Each structure stands twice: as C-alpha cells, then as structure tokens.
Amino acid sequence: MIGDIIQLEKARMAYKNGTLKQSYLITGPWDIGKKDFAIAFSAMIFCETKDNCGKCKGCKKTNSFSNPDFYVLDEEGQIKIDSIRELNKKLNLKPYEFESKVALIIGAERMTIEAANSLLKILEEPPEDSVIILTSAVPGQLLETIKSRCQDIKLKNMPKKMIVEELIKNHGLKSDEALRIANIALGRPKLAEKLVVNDDYGEEVEFLREIAKKNLCDRFKLASDFAEKKNVLRLIGYWETFFMDLLKAKMDGRDDLSTTKHKVKDFSWDIWAIVNILDILEKMREYIQSKIKNKLILENIFLNI
Ligand SMILES: [Zn+2]
C-alpha cells in the first residue's frame, strides 16, 4: 500500500502542470513507506500517461527495477563517495530509453561527508532531464545545503481505520489481529506490511522483559551489541509504542494491552517509571537527529529501564 496518496496526487498535479522540480527529499517516520512512495513517484515520471497507470513500459520497467534510466542507490551501511561519483557519471549520460533519468538515494543521511559534498555539487547543477530523489527518516542528519536544494515531501501517517481495512482485505488477517498490528504501526502502512510477515515488535517487547532483570555490566554489553546490529530509530519507536500502550492500560485500569498478547501484570514498571522511560525515549529520539552515537543513546535508555 502506498501510504500518502494525497502527497502522490500533489506530485502528479505538479508533474502534469509542468512544475516538476529537479530534486526532492522525501521524509517521514521510519517504515512509513518512503521507498515505496519514491518508486511510485519515479514510475509517474516515466509513465506514458503521467499517472502511474501500472501498465505502460515506463511503469512496468520502473516498478521491476529494469528501467535503464532509473538509478537506485539502496546500499547497506554508509553511502560512500564512489557510489555518488558513479551516479553522477550515469546522470551525465543521455537517457537510454526514456526522455528523462531519475536517481533515487534511499536513506540519504547515511552518506559520508565526502559523499554528501559530492552530491551537493550534483544538486547545484543537476544534469538536464534528471530528477534526483532522496529519502530520509532523519533529515536532521543531512547537510543544510543539501536540504535547501530539494523540494521537501513530508509523508503523513495513514488513518488507523484504513490500515485495518487494508490488512483484512489484502492480507487476509482477522479483524482483531489487523487491529493489533494497526495499533503498533501507528499510521505507517509499510510497517504494518512488515509486521504481517515478521512480528519483530513481539521480540522487542520480550527483550524489555529480559533487560529489566539484567545487571549494569550486561546492559552496557547489550547497548554496544544493539548499536552495531539494530536500527536504533526503529527500536525506540517500538519501545515508545509499547510503553504508551502499557501506560494507557494502567491508567484505564485494564489488564489487556492493545499491541501485545501479554498482560499488564507481566510487567513490573509502575506509572512513574513508565513516564520517566517515555521521557528518556523521546529525548533520545531527538538526539538521533543530531548524530549522537547510537551506543551512547542505547546506554542511556538501558540504564533507565
Ligand atoms: Zn504508466
């Protein structure tokens, strides 16, 4: 499901009116579906009808990543200068098959400073017939000079009711399970889809039950382990969702939680402890935007849980 239909419609209107910009930055919470949106956006640029018809050569080739004029940089880890140079070379060639070229950089905040400066040069004088699209969940980590050269598209959360309906209709879920997943997804359609396939939320809730029993030394070890292996923004998001759920249930005097099958009594935190943890999680989420090291962020969380 493409989350933000309204934003896509706006982009279509701009395209049809001939006011397409040369560079875009797509932002929004983690797992809202920025990449899917960016691909739909790119397909629109190549579509014969300018409308994501899904049937023409432009749509089909873009959606299946076999479009020779569509360059996607979607690497694990840091994005290095060589990748940006390679992209620049491709953008300076004439289009092979279509009238324009589109370059898409997923998770642009992962560029090294050299890579970011190299991209900045491209953005200053983008090759003709080229559109450059960046996506980022943490735009605070991007150079101001890059952000100022891109048209910003902020993706908004989808209403819960729509996610529940999609999960029932397209994924065959029962209504209570669809509702539980929608309660975790909090308006992020991509996350809802991922949870259907792999409920890693459940794993992270289990982890919270475990870490509450660990000593300080083990907590430090876990922080450094997690900093290397896990998406910290996603973890913080999950934990915020869980603690909000727990807090609401406690305040309402319920024993059932809306995001997990565990009961309130399975967790020992009292209301004040939960409020304190939520406060720390919120602060740490803001720190991520300012490039504070993940390990420090996790240590701070783990010491306070
Ligand atoms: Zn089409």
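I count two strands as paired if DSSP finds at least two bridges between them. Helices (H or I, at least four residues) and strands (E, at least two) are DSSP runs, numbered from the N terminus.

**Setting up.** I am working from a predicted model, where local features need pLDDT of at least 70, side-chain atom pairs count only at pLDDT 80 or more, and totals for chains, interfaces and linings use all residues. Residues are numbered from 1 along each chain as its sequence is written.

**Strand pairing.** I started with strand 1 and found that it pairs with strand 4 in the parallel sense, over 5 bridges. Across that pairing, Ile-26 stands opposite Thr-135 of strand 4. I then looked at strand 5 (residues 151–154), which runs parallel to strand 1 and is joined to it by 4 bridges. There, Leu-25 has Asp-152 of strand 5 as its bridge partner.

**Burial.** I call a residue buried if 20 or more other C-beta atoms lie within 10 Å of its own, exposed if 12 or fewer, and partly exposed in between, with C-beta atoms placed from the backbone. By that count, 4 of the 5 residues of strand 1 are buried. Over the chain, buried residues make up 34% of the 305 residues.

**The largest core.** My nonpolar core is a set of buried Ala, Val, Leu, Ile, Met, Phe, Trp, Tyr and Cys residues joined through C-beta atoms within 7 Å. Which members touch the most others in the largest one? They are Ile-26, Ile-133 and Leu-134, out of 41 residues. Elements that each supply at least two residues include strand 1 (23–27), helix 2 (34–46) and strand 4 (130–136). Helix 2 gives the largest share, 9 residues. I also noted another core lying apart from this one, with 32 residues, among them Leu-167 and Ile-301.

**Contacts.** Two residues are in contact if their C-beta atoms, placed from the backbone, lie within 7 Å. Leaving out residues up to four places away in sequence, I found that Ile-26 touches, among others, Phe-37, Ile-133, Leu-134 and Leu-155. Among contacts between residues at least 6 apart in sequence, 71% join residues at least 24 apart.

**Helix 9.** For helix 9 (residues 189–197), my list of buried residues includes Pro-189, Lys-190 and Glu-193. Their cover includes helix 2, helix 7 (160–171), helix 8 (175–185) and helix 10 (200–211).

**Whole chain.** I find 14 helices and 5 strands. The radius of gyration is 21 Å, close to the 19 Å that the globule rule gives for 305 residues, so the chain is as compact as a globular protein of that length. That radius is taken over C-alpha atoms, and the rule is 2.2 Å times the number of residues to the power 0.38.
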